[in-house]
Structures are given as C-alpha cells and as structure tokens.
2 protein chains.
Amino acid sequence: MINITKPTLLLNKEQCMANITQMYEKARKSNVRFRPHFKTHNSAYIGNWFRKLGIHSITVSSTAMARYFAAYGWRDITIAFPVNPLELGVISELSNEVTLNIQGDNADLLPLLENVISHQTGFFVEIDTGHHRTGLSWKDHSEIDRMMDWFGKSTRLKFRGFLTHSGHTYHADSREEIMGIYNDTVSKMNYLKEKYLEHFPELIISIGDTPSCSLVDDFSDVDEIRPGNFVFFDLMQYSLGACTLDQVAVALACPVIGKYAHRNEIVIHGGAIHLSKDFLYKSSGERIYGYVVKISDKEWSMPVPGAYLTSLSQEHGIIRANREFIDKIRPGDVVGVLPVHSCLTANLMKGYLTLEGEAIGY
Amino acid sequence: MINITKPTLLLNKEQCMANITQMYEKARKSNVRFRPHFKTHNSAYIGNWFRKLGIHSITVSSTAMARYFAAYGWRDITIAFPVNPLELGVISELSNEVTLNIQGDNADLLPLLENVISHQTGFFVEIDTGHHRTGLSWKDHSEIDRMMDWFGKSTRLKFRGFLTHSGHTYHADSREEIMGIYNDTVSKMNYLKEKYLEHFPELIISIGDTPSCSLVDDFSDVDEIRPGNFVFFDLMQYSLGACTLDQVAVALACPVIGKYAHRNEIVIHGGAIHLSKDFLYKSSGERIYGYVVKISDKEWSMPVPGAYLTSLSQEHGIIRANREFIDKIRPGDVVGVLPVHSCLTANLMKGYLTLEGEAIGY
C-alpha cells in the first residue's frame, strides 16, 4: 500500500488514459478536431499523455495557464476565456510565441487588440446558446455583424469561428435534457456558420462542455470539441449521467482522525482546502461533498453504500456512514473520497499520486 | 491606483492591524492568554504584526502549518487539530524544535505518542460542547477519566487542559444565540476544570471561535482564546453580527471581462479557484458568493447596494446589480468582492497586495 500520511490526490492513471482515449476515439470517428481543455488536470505531465495520441491543439482558461503550457512546448493554444482588456500585453507576448486563439463577445475590444498584437492571432466569437454566462446571443445579429465587419478588414486578427460553452447542461435533470441542449446548441451554431460561411469559408464551430461531449457519440455536426473534465470525471458528471463511477479517475485519500460511533460518523483530515466546496443534494435534501471509497493496494473500491462526506470545514471532513462501516474504521486508517468537482479539487491539491506510487507535480 | 490585471487579494493593512489590536486588547483586559489562530492569514509576514504586540504563542491547524511558522521563529505552537496517528513522527520532530501542544479525544493514542516523542509535549483534551465535529462530549466521564489516568503517570505528555471549538456559533441566527452558546460552552468547560483542577492545578480552558470571541467583551471565565478569522473577518462573520462591513480587511480585486446590460449582469475574472465556494442566502433564497465594492486609490467603498456575486465557475464570477451600477462599468474596469469566507479565499490566493501597494507572499 502506498504510504499516505496526509490528504493526497490519488490518480488512477489507467482509467484516466482510458477516459482520454475514449474521447479521442469519438472525436476521430466523427472527424472533428479534439482540442482538450487542460484546466482540469493543469499538468504538463498529464498533458504528455495527450501528446502521445498525436494531440497538439489544446484549450486553457487563462493567460497564466497558456504560459505554463507554452513553456512545456505546446504550440497551438486556445484561451477559452474572454479577453481581459487589462491583459493585452500578455496576449501579445503569447501570440509571438505560439499559434494563439482568443475569444470575445465585444466589438469594442477588436481595435484595441489590433493595435497591440504584432503576430496574427486567431479570434473566436463567443456565442451564448443558453448558458447566460458570457458570449453574444446567437440572435444578436447587430453585434455579431459589427465584429464580422472588423474581421473583414483586420490584418492581424483572424476570425476562426464561433465558440460556445453550453454549461447549462450542468443544470439538466436527465440525459435526454442534455441531449436536447446539445441539439439546440448545434442548431444555433450551425445557423451562424451557414450565415457567415460565404465570407469566412474557414470558419469553424467549437463546443465544449463535458456532459454533452460524454453523452454524444456522433459530433459530425460540429468542427471542434473542447471538453476538459472527462479526463478525471467526478460525482457531478456521474449525477448527470455523463460517466459511470468506474470512470472517476481521482480520489482524495484522507487519514481518519476521529471516530464517533454514537453518531455514526468518522472525521477525516480532508477539508475545503483540499476538495473545495461544491456539493450535491441527497434526495433527503442533505448536502453531499463526496462519496466514500475503500483504498487498498493499487486500487479503490466502488463507493461504500450509505457512506457520504456530509460536512467540510477548512481541514476537517465529516463522513456519515452505517454502523457496519464505522465499526471497522479506526483513527489512522485511510479512506478515499470521490470528489464532487474534480477541477476544483485538482486545483487545490496541485499534484497527484498514481496508484503505482508515482508522484506527479505541476 | 494600484496596477491590477488579474484577480488579486487586496489587504487593508490598517484595518487588519486594528482588528488584531482590538482582539489583543480585549484579551489583555480580561487577563486571558491570546493565542491567535494563524490558519486564516497563514503568512509569516502578517504573523510579525502579532509579534510586535508581544504575542509569542500561536495556534495552527496542521503539522505543515506548524512547520512553516516554526521555520519563521515561532516557538510556542498549539496544533488545534486532532492528532493524526500517521503523523507521530512529524509531531515528534516538531516537539524537539518548539514548545508544542497537540490535541486529541482518544485515550488509545496516548501510549503511541508516549512511545514516539522524546521531548515533553503539551496535550489538550478536546471537548465537544455542541458543535459535534471532533472532541469528547463534556459528559463522557469514562473516556475523559481514561485520558486523565494516563496523564497522571505520563512523563512526556503534559496535560495542558481542555480545549474546544464551539463552531456551532456559525449556525446561530442572532447575537443572542451566539452569546448563549458562549455561556453554555464556558459553563461546560468550567465544570471540567473544577472537576480535575485538584489533580492538575495548571490546567487551563481554551476556546476558539471568532463569532464568540468577537461578541464577548469579558473573557474572564476562560484562560485562553484562539480566534483566527477576526484578522480579516468576512461576510459570514458580518451575517452573524460578529463584525461590521468596515472591519472586513480583504477584498478580491477582479477585472471585469464582460457586460450584459440586458440581464443586469457583469462577468468578472474571479471564480471558485480564487474565492472558493462558500455562500450565504439572500432572503429571496438566492445564493450570494460576495458583496461588490468599488476600488479607488488606496481604499474600497462600502458594498454597492443591490450588487451581488451570484454565481461562480472555475475562473468566472457573475455579478448581478442594478442598472445604474451596470451602466457605469466597462470591461477592463476592476471591481472588488468582499469574500464570504476569507480563510478559504486567502488559502487559494496565497498572497496579498496592501492598499499601499506592498506585495505580501507566503
């Protein structure tokens, strides 16, 4: 058994690679570009596993992340986050170094960018197909036209196409609803594609959310997919039907520090600074911050029935479970927690320990 | 104006020092030991502000934090987190280096500890006065007696007293309820003190939560206080009545990256990896992840009425506000967010920028 003494993010490398390969194969069969989002793992080391499949185009969510992966040799990067007008200098530097795509939904930004950048930079117009976070409404013809007019005369900004993140799939109640959102998204994006294709024959449409990308098998109605979370999956994806519990490739190993049999609880070292605080609701209305798994030599079990991480403070986590499980646990044991949101957990933990005992830092 | 281009944790140093001084003065007047918890700021630099007041005893929440502060010369440290049986070696090393106090609620641990440590180590018995996270019930006479029997014959573990964290104050609905919890806690702790004082005349009682410590003026019924969050305060403390909005000493400065006037929203660079995801409920039932303040030269304003951070994803935050405020904002502006839980925000941000422009790293 791996020597664990503190909260440690275990990575099932084999499952992670299977998740990557599965998404890669689906994209290949649909003949669309696979531009994985690297914000979930945020690791140059794990990035290399994609490279081995021949993937050289990636997505990131900040200029800082773009710099990090550029330093590790990635040369085709889309920053799928709105251009921050205060970072034009950084964007210019990045575009000197790599083939860079940026995104935005604001025509006023374009002349500012044009002034600053010296190398050609790809630009995606972000479209809001219903998530209502950022992006122009697909029906906002006047603003989209304003942007298109600029691209028509721009020498340094190259219009790449329309990009969306249909994050409203995260609020769906069923697979059918997710598929409905995907179909609706694709139809809106293709409407725009057809409208502008004559003037911009190379334009593509790019979609991103993991729930859609996991449930859809045939992506032939889009040109590019940018899922990220699928590399690890998590309980959020499981609750949406986007993965099975087997596919969750990370678990936080946590030392047990207290046992309170009279209330059917154990307390672990593993809190909000390790897992972050996203949660799901049980049907009883109780919050769940994680499922509990048993960790043994080189694997973890399926979740223990009835065992849930029910509360998190800064360093502590409280697990409620049935008496049979509690009775077998002692302080000094190590239990695993499947995270609700693996992106945030990975961001906090900063590194991984594979089940083979290999430490992966950032 | 300070040059901000990305999410940056602003620190109002003057207010922070006022918060520290106020708590120090209250402890001094009550003649109790002030052993501040350093988990909130987690900064050797800010630690020095306490040192200048003559404070040399501190509280931390992990062995890692104990090591960090020990490296910066702190020589009297209580780890207010249950002993992790997998960290006995680290604890032994720490106790060679500093005057160390540890805590626990489990008699079985004591012989294991006694075997490993070579220097005398202080031990607090953790008492659960109603929070129900860790600790022995104050009524669990048999287990408390088992621990006391051990301390009576131990040569290396020195019983220091009873310690509690009445974290159930965080669920209180009024100042009166918090005061009620404080009085109840003090009465239970003093019951234990009186019971064992004859055999352990040096025993003390130590309490910790910021809501109680902020609202109580006279601590003369306890021997030691260990609040932490008061150094910055936050919206959680404000909602409990434990501080005023003026006293909140940190604000996350966030670039505005999108404006969506038709839905009265702006989007900022500032998400779950900057603020973490604790929230409060508005009376309407909507979640609030922060209040919004205007940032000007060397200060931030009181919260903008009706402006709330209503949603967080990994890097994005959505602010909903009234039209008058939205109309004045443009992408590239910087707005401030008062965090719901400053401990988690500070843990994510890892450093501070004072309003005078001084960068404080860990």
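Domain bounds here come from an automatic or database domain assignment. With that in mind, chain A is divided into domain 1 (13–231) and domain 2 (244–361). This is a predicted model, in which local features need pLDDT of at least 70, side-chain atom pairs count only at pLDDT 80 or more, and totals for chains, interfaces and linings use all residues. Residues are numbered from 1 along each chain as its sequence is written, while chains are lettered from A and ligands numbered from 1 in the order in which they are written.

Let us begin with one chain as a whole. Chain A has 12 helices and 21 strands; these are DSSP runs numbered from the N terminus, with helices being H or I of at least four residues and strands E of at least two. The radius of gyration of chain A, 22 Å, is close to the 21 Å that the globule rule gives for 362 residues, so the chain is as compact as a globular protein of that length. That radius is taken over C-alpha atoms, and the globule rule is 2.2 Å times the number of residues to the power 0.38. The C-alpha trace of chain A spans about 70 × 40 × 35 Å along its principal axes.

How much of chain A is buried? Buried residues make up 53% of its 362 residues. A residue counts as buried if 20 or more other C-beta atoms lie within 10 Å of its own, as exposed if 12 or fewer do, and as partly exposed in between, with C-beta atoms placed from the backbone. Two residues are in contact if their C-beta atoms, placed from the backbone, lie within 7 Å. Among contacts in chain A between residues at least 6 apart in sequence, 66% join residues at least 24 apart.

Now look at the two domains of chain A. Their centres, taken over C-alpha atoms, are separated by 33 Å. Where they meet, 12 residues of domain 1 are in contact with 10 residues of domain 2. On the domain 1 side, helix 1 (13–30) and helix 2 (44–51) of chain A are the elements that give two or more residues, and helix 1 provides the largest share, four residues. By class, this side has three nonpolar, seven polar and two charged residues. Here Ala, Val, Leu, Ile, Met, Phe, Trp, Tyr, Cys and Pro count as nonpolar, Asp, Glu, Lys and Arg as charged, and the others, Gly among them, as polar.

Next comes the pairing of the chains. A rotation of 180 degrees with 0.0 Å of shift along its axis superposes chain A on chain B, with an RMSD of 0.0 Å. That is the relation of a two-fold axis. In chain A, the C-alpha nearest the axis belongs to Lys277(A), 2.7 Å from it. The superposition is by least squares on the C-alpha atoms of residues with pLDDT of at least 70 in both copies.

The contact between the chains takes 36 residues from chain A and 36 residues from chain B. Elements giving two or more residues to the chain A side include strand 11 (250–260), helix 10 (272–275) and helix 12 (342–349). That side has 13 nonpolar, 15 polar and eight charged residues. Of the interface residues of chain A, 100% are also interface residues in chain B, so the copies meet through the same surface.

What about the interior? In soluble globular proteins, nonpolar side chains tend to be buried together. A nonpolar core is a set of buried Ala, Val, Leu, Ile, Met, Phe, Trp, Tyr and Cys residues joined through C-beta atoms within 7 Å. The largest one has 213 residues, and those with the most contacts inside it are Val292(A) and Val292(B). Strand 11 of chain B gives the most to this core, with eight residues. Leaving aside neighbours within four places in sequence, Val292(A) is in contact with residues including Pro303(A), Leu309(A), Ile319(A) and Val337(A).

Finally, visit a few single residues. Ala27(B) sits in helix 1 of chain B and is buried, with 21 other C-beta atoms within 10 Å. Its C-alpha atom is separated by 6.9 Å from that of Phe219(B), 192 residues apart along the chain. Most residues other than glycine have a negative phi. Lys350(A), however, has a positive phi near 70 degrees; it lies in the loop between helix 12 and strand 20 (351–354) of chain A and counts as exposed, with 11 C-beta neighbours inside 10 Å.
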